[in-house]
Every structure is written in structure tokens, then in C-alpha cells.
Amino acid sequence: MANDLTFWKNRVHVETSREDLETNRADLETSRRDFLTRMGFVLAASALAGCSRGAVQKAIPFLIKPEETMPGVATWYASTCGACSAGCGLLVKTRDGRPIKIEGNTESPLSGGGTCASGQATVLSLYDAERLKGPTWLGVPVTWQDVDARIEERLRAAMAGRHNLVLLSGTIVSPSTRALIAEWKARVPTFRHVVYDAVSFSALRRATGACFAIDGLPHYRFDRATTIVGIEADFLGTWLSPVEFTRQYARRRRPDAAGVMSRHYQFEAGVSLTGTNADHRVPIAASQQGAVALAILRRVAIEAGVETGAAEVDGAIDEGAVASAAEDLWRHRGASLVVSGSQDTATQIVVHAINALLGNIGTTVDIESPSLQKQGDDRSLAQLVDEMQRGDIHGLMLYGVNPAYDFPDAARFARGMESVALTISFADRLDETASLAHAVCPDHHFLEAWNDAEAVTASFSLAQPAIAPLLDTRAAQDSLLKWLGKEPDFYAYVREFWRTHIHPTDARGRTFDELWDHALHDGVYYRDVPAAKTPPFRPSRAFTAAWQSAAHEVAGQGRSSAAPAADRYELHLYETVAIRDGRHANNPWLQELPDPVTKITWGNYLVLAPSLARRLGVESGDVVRMGVPDAQIELPAYVQPGQSPGTVSIALGYGRQHAGKVAYGVGANAFPLVTSFDGERQYHRGGVVLQKAGRSEPLATTQAHHSMEGRPIVRTTTLSALLSEETEARPEAASLWADREGGPHRWGLAIDLNSCTGCSACVTACQAENNVPVVGRDEVLRGREMHWIRIDAYTGGSEDHPETLVQPMMCQHCQNAPCETVCPVAATTHSSDGLNQQVYNRCIGTRYCENNCPYKVRRFNWFRYAQNEAFDFNMNNPVGRMVLNPDVTVRSRGVMEKCSMCIQRVQDGKLLAKQEGRPVADGDIKTACQQVCPADSIVFGDLNDPESRVARMRAGQRHYLVLDEIGTKPNVGYLMKIKNRSEA
Amino acid sequence: MTPSALAPVSPQKPRPAPRPVQPWIAADVSARRITDEVMHPLISRPGAAWLASFALAVLALAVGVASVAYEVATGVGVWGLNKTVGWAFDITNFVFWIGIGHAGTLISAILLLLRQQWRTSISRSAEAMTIFAVLCAAVFPLIHMGRPWLAFWVIPYPNSRGPLWVNFRSPLLWDVFAINTYLTISLVFWYLGMIPDFATLRDRTAAGSRRLVYSLLSFGWNGSARTWSRYETATTILAGLATPLVISVHTIVSMDFATSVLPGWHSTVFPPYFVAGAVFSGFGMVLTLLIITRTVMHLEHYISIRHLEVMAKVMLLTGSIVGLAYALEFFNAWYGGNVYERYAFVNRASGPYAWCFWIMVLCNVLAPQLLWIRRVRRSVAALFLLSIMVNIGMWFERFVIIVTSLHRSYLPSSWTMYRPTIIEVGTLVGSFGLFFTCFLAFIRVLPMIAMWEVKAVTGHASETTHE
């Protein structure tokens with residue numbers, strides 16, 4: 001009531017108020033409508049505001065956290081690479097239970113922390129959507145029970161009838177698997193194991209057996225060699241164990257305390273990666289390999305005072321180069337090395353003789369612990385194919401081989417397969433051979449399987465699954481165990497093998513479980529070989545006789561190979577670093593990897609010397625038909641300075657029809673051109689006819705211009721200049737502007753061009769780490785490949801004796817970046833720790849930054865490359881996308897990207913240090929390119945820390961900055977390449 | 001024999017009679033006649049020539065719209081750009097169209113301040129050309145972006161992301177301000193200039209929707225002396241505002257290149273060089289348009305040969321400045337000794353795009369020199385041909401500057417070639433389609449000659465508007 005008094009002052013007021021009430025009611029009526037309108041608006045507005053721009057995605061957290069797994073924190077597993085038989089140790093990074101990145105295992109005595117490009121790319125082949133999802137019988141998917149039943153029935157019948165059973169496999173370096181195969185041999189008398197390598201080393205194998213009585217190949221030690229002579233052996237790229245050899249080679253390219261560094265001569269027909277790194281590269285015809293070896297033998301023998309007993313060879317080889325090489329070899333005898341890729345046993349024996357005369361056996365040529373790679377024997381393979389033709393083989397198991405594609409007479413092999421009653425393939429897809437087999441029992445990918453490896457005697461490693469098998473596959477060894485009637489548990493088998501064969505010789509007094517756990521954790525185990533003084537190698541009489549007769553033979557070959565007919569040329573076949581023998585053909589990262597020498601992607605080509613091209617009237621891109629009596633091939637030509645004038649080169653591994661959609665139609669198959677001589681497969685031949693086909697096919701190259709145009713981009717020095725301190729580090733260009741204010745760190749890179757071989761492993765590592773998309777051949781043709789790091793290859797010198805210099809080029813993270821000033825929306829900024837940052841979600845894609853970058857390291861997303869049918873690679877299917885690194889954004893269309901100096905790794909490193917309450921130590925953070933490099937040429941670190949490796953490199957004599965005269969102040973520096981030419 | 005002091009002075013040669021000063025506007029046209037003739041296209045039915053041209057322009061526009069739609073929907077990848085050449089047709093077209101616009105502003109604004117009476121009959125069309133050219137130009141920065149739907153991020157608006165501002169150091173951003181300012185001022189100036197004419201049209205139109213539109217547009221013009229006085233002040237102020245734009249806008253556009261590090265771009269000669277080039281190409285386009293229009297619309301006595309001749313003289317002057325700039329660039333490259341800069345110019349003249357370079361030299365430097373000859377200056381056919389050549393040459397100049405510097409810059413490993421795709425050509429064709437559609441529509445919808453200015457010049461300004 002009291003309240004009422006305040007409202008109703010007097011009756012007059014009441015009257016007025018009533019009037020007001022009337023009006024108020026009217027107001028209320030309208031205001032109700034207004035209210036509803038307003039509410040409607042508010043409702044609509046909040047609904048609109050509440051609308052998210054994208055589709056709602058549900059994330060369901062684990063109810064119970066799995067042990068030892070922290071979401072967002074990677075789990076690492078030590079394993080062994082299965083990309084080839086070199087057995088490099090790996091550390092597999094997994095996130096959310098799936099492998100996303102492969103890194104080298106620094107504990108490995110062979111590969112150190114390095115891997116090659118193919119090794120990096122195998123993480124993608126795990127997620128190949130075209131892998132078989134389960135076993136098949138005659139091409140029809142069946143269950144394991146079904147296929148096992150059929151196979152076991154047929155095997156039992158074969159065993160009962162004492163029919164021939166053969167396991168045809170690639171080189172198996174796994175001692176447990178070899179033990180399993182031995183068990184098969186023991187249990188099944190008519191069973192035998194034939195080893196088939198698509199690229200054969202059978203001649204080296206036979207020669208090694210003949211000379212040193214060992215069953216294996218020598219284990220080469222390039223790190224102990226001061227003089228290296230390679231004769232048609234691409235040991236830095238594809239020959240035998242390139243990661244290990246690169247690591248060893250790079251070590252000796254750094255002048256030691258005495259100022260000694262290695263000198264490398266390379267005699268080869270085609271221009272290989274190794275050849276581009278040599279101090280002296282001598283082009284020879286492929287048929288002259290034996291002549292070169294013989295010439296070197298003759299000179300070394302004279303020095304050693306030994307009779308060679310071989311007549312002079314009338315070869316057209318460069319005697320000056322041979323003399324120089326031989327002189328260097330002799331000067332550093334005991335610390336020199338001659339290697340040859342020849343498939344002529346006699347030539348390989350001659351090379352062994354050279355090494356023996358030089359006293360290299362035991363130092364650079366280790367025969368105490370031979371390499372167990374490349375176990376293939378061409379003669380037993382030829383015999384098998386003959387038996388197959390005759391119908392003498394009842395059962396054939398194909399494990400890690402594809403002879404219907406890469407056997408020289410693939411058609412004959414395929415016909416032979418028809419006569420075999422039971423063919424089983426363990427391939428992961430219906431490839432050329434598997435599609436002809438009765439049963440396909442797909443093997444696990446090596447990242448899904450238990451295995452072990454002994455690529456070099458006494459150097460063991462383990463492989464463990466980093467992910468449970470994605471598909472309904474089964475380890476080949478499990479299949480073999482099952483069909484033998486044993487428990488199909490290869491893991492237990494490996495453990496048992498180690499318990500019975502490896503543990504007993506362990507000198508460290510551990511229990512088996514301790515040994516196993518340590519070995520599994522480390523990934524590697526090496527048997528402690530007692531440091532018994534091995535006596536210096538003394539050549540036996542048999543050895544001497546062998547090489548003397550081999551020398552005769554090689555001399556005879558040289559005489560008999562008369563001067564070739566005027567319009568007949570030689571063909572040389574080689575493996576590329578990316579595709580190798582074709583096993584990686586369906587891997588888009590590797591198809592798009594620019595070849596280290598030619599920078600061409602997505603296909604093979606016919607490499608010609610400039611003089612030959614002129615004679616034929618052929619330019620790069622013109623299609624040439626190359627014919628030999630039994631085969632023909634048509635490929636676009638590529639004119640390569642340095643190519644031997646009478647020899648053309650073609651890469652193997654292309655033209656696969658049954659590898660998958662990535663490989664289909666890419667290049668042409670050169671395997672049918674492989675011939676045979678004296679029972680060994682030969683990768684060169686003569687009598688080749690060349691003809692223009694009258695059309696052209698553009699080559700998808702990433703670098704069209706190879707001349708440095710006189711610009712000081714890749715700088716070199718000579719060993720003598722370096723030692724006499726004539727090489728001066730150029731001081732950084734003076735600037736009018738004040739230095740940018742920074743934080744405690746200033747991240748930088750130093751790249752040693754002297755150890756970088758150009759192998760391009762860093763390119764694939766970066767692609768894997770940073771979710772860099774694959775764009776396909778057409779886009780590469782338009783100049784739009786997306787690699788954040790590229791290896792520029794500059795060629796100079798004469799067209800027959802060119803010199804190649806390589807330079808990894810990525811974002812230079814300039815302190816005075818031209819790109820940062822010009823972005824209108826500030827999408828590229830500079831961090832306080834020296835990184836040039838690209839902010840993807842701010843970028844509107846004007847491309848001014850790309851234009852203004854003098855290094856041209858920026859990459860633009862011209863189309864949507866992920867989840868787009870037009871780019872049907874790994875980012876277009878959910879399985880392929882499992883390889884993506886969750887720490888790195890996948891960029892959308894219209895956005896610029898570039899090297900971020902692996903900022904996700906930098907942040908990880910800083911965070912870890914912060915958690916542990918300590919400053920970031922030098923070496924805590926490694927960029928992906930640094931981590932993978934087998935030659936350890938890329939170093940990342942804090943330039944503000946004078947003790948860091950990178951700062952010391954930057955202060956060194958050889959350090960320089962690219963294009964620093966324009967004032968960009970890059971944080972990435974380079975160390976000059978040192979040339980070690982002989983003064984002669 | 002000494003000459004006598006009283007020798008008769010030799011008869012002086014008779015002074016030649018002074019050449020009759022041709023009037024700017026031929027014949028003695030009355031105010032009424034001016035109004036009738038200028039209004040005629042607005043009220044008559046279009047002729048076959050106009051219809052055909054309009055159809056062609058609309059077709060070209062349609063091609064452009066389709067090309068742009070495809071590009072925005074699919075990605076910039078449908079163009080021929082790559083990792084080395086980030087700009088080609090897109091920015092060439094942008095600079096080309098902006099440059100063309102400068103002539104209009106020069107004619108309307110600068111010549112107004114300089115009290116050049118000959119500008120009166122051409123200023124309206126020239127200013128219209130500027131507006132349409134700027135519109136065409138503005139399309140390109142929008143569509144060349146990778147994510148054009150976020151183009152508004154170049155505008156510094158207050159936001160809750162920091163606030164996150166734009167990068168004021170970027171020349172592209174200066175372009176945003178410059179182009180927007182240019183467009184705004186040009187539009188205002190153009191519209192303001194049309195107010196008295198809208199009033200005339202209002203007064204001459206019968207009641208109806210047309211009259212309503214004209215009366216709205218005429219902003220209540222009453223033609224009083226006070227209104228005129230204020231109007232002249234306003235026009236003069238706007239002309240004063242627009243004048244520096246002729247210099248500044250293209251200076252800023254040239255900064256897109258000049259402030260970069262690229263050899264061939266990084267040059268202080270760019271601002272005056274580009275401004276001269278802009279006026280040059282603009283006058284070329286004005287000449288092309290006006291020659292066509294005056295012939296087709298029978299307005300020869302308003303746009304006389306004298307007008308064309310004066311414009312040709314401006315073209316000659318600016319073309320010579322451009323030629324001088326080319327020579328300076330080459331001289332500086334040689335004199336400076338910078339290997340990258342030297343190569344950039346050697347590449348221009350003898351590299352894979354040398355044919356573009358020499359077309360440019362022929363069309364921009366050599367051909368306009370013919371304008372020294374009076375007969376050429378006064379021949380409509382010759383002027384028409386030369387104006388087309390100037391435009392082709394100026395398009396190639398921007399193409400040469402952009403593409404030759406980009407495709408071969410510092411590191412030879414990134415050297416590549418650029419080839420346009422059909423989509424880029426379609427977009428260029430579309431821009432011409434847009435321009436001509438707008439211009440053709442303009443000449444039928446708005447008075448293309450500034451009636452009030454012409455009347456002022458022919459001495460009929462004092463006559464009332466009733467006639």
C-alpha cells in the first residue's frame with residue numbers, strides 16, 4: 001500500500017493514469033507486436049550467429065586412456081626398412097596408432113640416422129588404397145581359411161608325389177626367414193629356394209666367391225678410402241647400400257686434421273648421381289667397363305711389381321684419366337677403393353685383384369663381415385625358368401618378386417607359370433605376376449610386420465609392427481609356417497631364432513629377454529666380434545690364377561668387341577633413385593620426385609649425348625624409337641651433357657601396367673632390353689638402332705635451365721685454396737637499416753654443399769613431414785610442383801665433360817624478407833625467433849610474395865589438391881590421408897605455402913625443454929630435411945648461440961649466403977663445395 | 001658605290017595572312033541545337049550499328065563472365081601461371097585498364113584547371129571512359145586472388161582479432177586506397193558534371209518516369225546565378241582533388257613493381273614512366289572511342305578534327321616520354337653494372353618474349369613519331385589506326401614488364417616459360433566486353449557531351465534553358 005502511494009499521488013493522477021493506461025494498453029498492443037518482431041529478429045540473429053561455417057564433426061574421446069599413448073604425443077618404434085635389401089635402421093613415428101613419418105635410426109652402424117627417398121616414401125605405400133584387402137584365389141577374393149585349404153591340399157599332393165616345389169624370392173636378409181626356408185628344405189626334399197633380384201649382382205657375387213671363398217658380397221667401407229674409383233657403380237644413388245655409402249663418403253669429403261680429403265674418379269656411360277659428385281668423371285662406353293678395369297689393373301700391377309700377363313688392349317679409353325686414377329690409388333694404397341657395377345664375372349675378378357694389389361682387402365673391402373645383399377644367382381634363375389618351361393615345376397611361391405614384369409623375357413616366364421600346377425604369390429596387389437598366379441596371399445607391409453635383418457654379417461636389426469595390419473593380410477612367413485604345419489606365429493619364430501642362434505653368442509651376459517628387449521628398443525644389435533687381429537690379406541695362388549685368367553678374358557673381350565657400326569649405338573640401363581626396379585612405381589611421392597640428375601618426373605626417357613642428338617637431329621622431348629633385334633621401345637629423348645657419345649641410357653622400373661593407377665601409363669618398360677652374357681644378365685648392350693618417331697612428348701621437368709649464368713649462386717673452392725686459407729668468407733653485406741629486434745633464439749640452417757650429394761631424400765622427407773600435396777604430371781609440366789625444398793642442379797663446363805653443382809634450396813627465412821613487406825593482409829610475418837611465417841588462414845592469395853621472392857621458394861595452391869578427384873593421389877582417399885601429419889595444416893586452394901623450418905618440430909623442441917625446465921639444447925630440434933640426410937649436410941640450430949653447430953658453421957671459412965648482395969639477410973647459409981681435382 | 005642612306009627601303013615581304021583560327025566547335029550552333037543533338041541518342045531508337053556493337057560487346061562480356069566464374073570456382077590454376085610467374089595477364093590487364101582511365105581524369109580535371117576550352121565536348125565521354133576503365137580494372141585484383149571471397153580483408157576495418165590490421169607497407173594495399181579513391185572521386189566528379197545536363201533533360205522531357213529519374217538526378221538544379229556560382233566552385237574543388245590522382249594513382253600502381261626486388265621492376269624511373277604511359281594509353285583509348293562515336297553518332301562538329309589533333313599532340317608528348325623511359329631503363333641497366341639487371345634487359349630484347357618487346361617498341365615509340373607530321377595528325381583514319389596501335393603497344397608494355405622480369409629472375413634454376421590459357425584470354429576479352437557494354441549503354445542513356453560546357457564555350461551560356 002505504501003508503494004501505491006508513491007504511484008498514485010492523487011486522484012487527478014489516477015484519472016490521468018487511467019488515460020495513460022489506455023494509451024499504455026495501446027502501446028502494449030503494438031509493443032507486443034514489436035516484442036515479437038524483436039524476439040524473432042534476435043532468434044534469427046542468434047541462429048545465424050550460431051551456425052558454424054563447416055559441418056559439425058564429432059570427436060569421441062577414449063573413455064579409458066590407452067597406456068603409454070598420449071594423444072598429441074608421438075610414439076616411436078625402432079624397425080628396419082623394407083624398401084630394398086640394404087636394411088637401414090629406422091625409427092617409425094606413430095601418432096594415434098598409425099605411422100606418419102619414417103626417420104633413420106642413429107644407432108644403426110650402417111645407415112646412421114639417414115634414409116633414402118624411397119625409404120621415406122614407404123610410409124605412404126603402407127596406405128596405398130590399391131593394396132589387396134585379403135587373399136584371392138584365381139583373382140576372386142576368398143577367406144584365409146579357404147585359400148589355406150586349397151593350398152595345403154595341393155602342397156600335400158605335391159609333397160607326396162615328390163614334385164618340385166620352388167620358392168622364388170628376392171634377396172632375403174632376414175636370418176629368421178632364411179632359417180624358416182632352411183626348415184622347409186629340410187622337411188621337403190624337393191623344395192628349393194631360388195633368389196631373384198630384378199637388378200642382378202650375380203657377377204660380383206660369383207667373383208667374390210671365386211676370389212675370397214665367401215658366400216656374399218664384400219662390405220665396402222668408403223669412409224676408409226682416400227681414393228675412390230667407381231666404374232659404372234652408382235654407389236651414392238642406387239648401388240647396393242646407397243644410404244650407408246653416402247654417409248661414409250660424406251665423412252671423407254671433409255678435410256681431416258691433416259688436410260686430407262678423398263678424391264673420387266668415376267668412369268661411367270650415363271650421368272649418375274655418383275658421377276655428378278666425382279672430382280673426375282670420365283664418360284666411357286658401357287662396353288668399356290672391363291677395359292677400364294684392366295687398364296687400371298695393369299698400372300697398379302706395374303707399381304706392385306706383379307705380372308699381369310695380359311696383352312695390350314686396343315681400347316679407346318682415356319689413358320690420362322686412368323693413369324691419374326691409378327697413381328692416386330697407389331699413393332693411397334690400403335686406403336683406396338675400386339668398385340664396379342659390371343655384370344661380367346671376369347671384370348669383377350679384375351677389380352678384386354686391383355683392390356688386393358692395393359692392399360685394400362681388410363680395410364676398404366671387408367670380407368670378414370661380408371654384405372648379405374643381392375643374393376640372386378642368374379644361373380639358377382635361368383635354370384628355373386627352363387624347368388618351368390618343361391613343366392618340371394609343380395609348385396611355385398613368389399615372394400617379393402615380379403618376374404612377369406622385370407624378367408628380361410617376361411613372356412617366357414609367364415608362359416612357364418602356366419605350366420606350374422600351383423602358383424602362390426605373396427604380393428600386396430594383383431601385380432603383373434600375381435595376376436597370373438592361382439593364389440595371392442598378400443604379405444604385410446613391412447611396417448605392419450615382425451621381422452629381422454642381417455644385411456651385413458654380424459650386424460643385426462629387428463623390425464616390429466608400428467601398426468596393426470590395416471587389411472586382412474598375413475605375413476608371408478606366417479603363411480610358410482602354416483603350410484608347414486606349424487603355428488603361424490612368426491614373431492615367436494623370430495624370438496626363438498634369436499634365443500637359439502644369437503643369444504648364445506652374446507658376450508654381455510644378459511638373459512635372452514634382456515637382450516631381446518634391448519635389441520627391440522634400439523632396433524639394432526651387433527654381435528661383439530672379438531677384436532682379434534685379422535692378418536693382412538694374402539692372395540692365394542688360386543686367387544692369383546683366377547685374376548690372371550680373368551684379365552686375359554677381359555682383354556679378349558676388348559679385342560672381340562670391334563668398333564661398332566656407324567649407326568649402331570650402345571644401350572645402358574640403370575635404376576633411378578626414386579623408382580629403383582619398379583617396386584615403388586605406384587608411390588606418387590616417388591613418381592613426383594625430380595630425378596637428382598635430370599630433374600624430370602613422372603616417366604622415363606632416352607638419354608642422349610649432345611653430339612649424338614645433333615647427329616640424329618633430335619631435341620629433348622622428341623620421341624625416339626630405339627630398336628634391338630628382339631625388342632623395341634619408344635621414349636622421349638633427353639639431351640644430357642656428359643652422356644657418353646655413343647651410348648644411350650634408359651631407366652628401368654617404368655611402364656608398369658599392374659601396379660596401380662598412379663603407375664599406370666607412366667613411362668615405358670625397359671626390362672625386356674636386358675640381355676644375358678655368360679649366364680649373367682647384362683644391363684648394357686650394343687647394336688642399338690635409333691630413329692625419330694616423328695612426334696614429341698613434353699618431359700615433366702622441375703628445372704628447365706641448368707646454367708648458373710655466371711652468377712655466384714653455388715660457390716666452390718679447391719682443397720689447396722682452402723688449406724692455404726685463400727678462401728675467405730664473404731662478410732654479410734652492410735645495411736643502412738637497423739637489425740630487426742629478435743627474441744632469445746634465432747633459428748637458422750647451414751647446408752654443407754660439400755657433403756650434399758643431391759640424393760633428394762630431404763625432398764621426400766619434407767613432403768612426408770609437412771603434408772605437401774602431389775600434383776601429378778600435368779601440373780608439373782605447368783611448373784607447379786609443390787615441393788618446399790628442391791635440389792637445384794647447375795651444369796657448367798664442356799658438353800662432354802660437364803661439371804654439376806647441386807644446391808638444396810628452401811625458404812631462406814630472410815631477416816629482411818622481401819615477401820613480408822608486400823603481402824597486403826600481413827599473411828607472412830617474421831617471428832621473434834627468426835622464422836618467416838606463412839599464416840595460411842590469413843592468406844588471400846595475391847601471390848605478390850611469390851613474385852618478390854628472389855629465391856622462388858614459395859608454392860601456391862593453384863587448385864584444391866586434397867579431396868579432389870582431379871588429383872587422385874593419396875590425399876583423395878581416406879586411407880591415403882592417414883599418412884598426414886596432424887601437427888601440420890593441410891592447405892586449401894588459393895593459399896601460399898613454403899618451408900616453415902618445420903615449425904611444428906621447433907615448437908615441440910621448445911615445449912619439451914620448457915617442460916623439463918631447461919634451455920633448448922643444440923641438437924634438440926632437427927628439421928625433417930636435416931634428420932633424413934644420410935650425409936648430414938643440413939644443420940639446424942640457434943644462430944644466437946655461438947656454441948651451436950650452425951653458428952660455428954656460419955662463422956667458418958667456407959660459409960656464404962646466396963644473393964646476400966640484395967640485402968635479404970637470410971638465416972640459411974651454405975658452405976662452399978670443395979673440389980679436389982688432381983693437379984695432373 | 002656606297003649605299004645611299006636615303007635609298008628606298010626594299011618593300012617588305014607581305015606578312016602572310018594569319019591562318020584562320022578554326023573554332024573549337026565547328027559551325028555556329030545554337031544552344032537549342034546543342035541540346036537537340038546531344039539528346040537525340042537518348043530518345044531515339046538505336047540504329048543497326050549500335051545494336052550490332054552492343055550485341056558484340058555483350059557477347060564478349062558473357063565470355064568474360066563465364067571465364068571468371070570458372071576460374072573463381074575451380075582455382076587460379078586454370079590460368080597459365082606457375083611457381084615462377086605469379087602474375088601475367090591478370091595484373092597486365094589491371095594496369096592496362098587503370099592506365100586508360102587516366103586520360104579521362106586529365107581531360108576533365110587538369111584541363112579544367114588549365115582552362116582549356118577544347119576539353120568541353122570530350123570531357124564527359126572521357127570521364128565516362130575513366131569510370132568504366134576503373135571498373136574493368138578493379139575486377140582483376142579481385143579475381144586474381146586465390147581466395148577472392150576474402151578480398152574484404154584488405155580493408156582496414158575494426159575487428160575482434162587483435163584487432164588485426166592490414167599491412168600498410170604493401171603496395172597492393174596502397175592500390176586498394178588509390179583505386180577506391182580514384183573511383184569515388186571520378187564518380188562524384190562525373191556525376192556532378194552531369195547535374196546541369198540532367199536539369200536540361202528534365203526540362204525537356206514530358207512528365208513520366210523518365211522525367212522523375214532526371215529530376216532526381218538533377219538534384220534540384222534551378223539554374224540560378226547563385227547556383228551556378230557555387231557549382232563552379234564545387235567543380236573547381238573537385239577538379240583540384242582529382243588532379244593529383246592523375247599522378248598519384250598510377251604512381252602507386254607502379255610501386256607494385258618499383259618497390260619489389262626483381263630486376264627489371266626495381267627501378268625509380270617507374271612512377272613518372274607509368275604516369276606518362278597511362279596518359280599515353282588513355283589518350284589512345286579516348287581517340288579510339290571518340291573517333292568511332294563521332295562518326296557513328298554524327299557529332300563531328302562537336303568533336304572536331306582540332307580536338308583530335310590536340311589529343312594526338314598529347315599522345316606524341318607522352319609517347320616520347322615513354323620512349324625516353326625505355327631508353328633510360330636500358331641505360332641504367334648497363335651503367336649500373338648489376339648482372340641481374342643487365343640480363344633482365346638483354347632478355348627483354350632478345351629472349352623468348354622478344355617479339356612482345358619489339359611490338360611494344362614499334363607501337364609505342366616508333367609509330368607515334370608519325371604524329372610530328374601535320375597531315376597524319378589531321379587524318380582521322382591515321383589517328384584511329386595509331387590509337388589502336390598505342391593500346392596494343394601499351395598492353396604489351398605491361399606484359400613485357402611483368403612477365404619478362406618474373407620468368408627469369410635471380411636464380412636460373414627457377415627460370416620457366418609462361419603461356420596464357422584460353423581462360424585468361426577469355427577474361428581479357430570479357431574486360432573489353434564490359435568496357436564497351438558500359439560505354440555503349442552510356443552513350444544511349446546519358447548525355448555524352450557536356451551540353452552546358454559546350455554552350456558556355458560557344459557563347460550561348462547566357463541563353464536561358466527554355467530554348
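Between chain B and chain A there are 36 residue pairs in polar contact, both residues at pLDDT 80 or more; a polar contact is a pair of N or O atoms within 3.5 Å, where within protein one must be able to donate a hydrogen and the other to accept it, and residues adjacent in sequence count only if both atoms are side-chain atoms. This is a predicted model, so local features need pLDDT of at least 70 and side-chain atom pairs pLDDT 80 or more, while totals for chains, interfaces and linings use all residues. Residues are numbered from 1 along each chain as written, chains are lettered from A in the order written, and side-chain values use heavy atoms, without hydrogens or water.

The count of salt bridges between chain B and chain A is two, a salt bridge being a side-chain nitrogen of Lys or Arg within 4 Å of a carboxyl oxygen of Asp or Glu. Lys83(B) forms one with Glu785(A), with the closest N and O atoms 2.9 Å apart.

On contacts, meaning heavy atoms within 4.5 Å, 54 residues of chain B meet 54 residues of chain A. Lys83(B), Arg147(B) and Leu411(B) supply 18% of the area that chain B buries against chain A, more than any other three residues; buried area is the accessible area (1.4 Å probe) that two parts lose on being put together, summed over both.

Now one residue in chain A. Is Asp942(A) buried or exposed? Asp942(A) is buried yet has no salt bridge, buried meaning under 20% relative accessible area (1.4 Å probe, protein chains only). Arg746(A), the nearest side chain of opposite charge, is 7.5 Å away. The side chain of Asp942(A) does make a polar contact with that of His745(A), at 2.9 Å.

How values were computed. Buried means under 20% relative accessible area, exposed over 50%, partly exposed in between (1.4 Å probe, protein chains only). Lys and Arg count as positive and Asp and Glu as negative; His and the chain ends are not counted.
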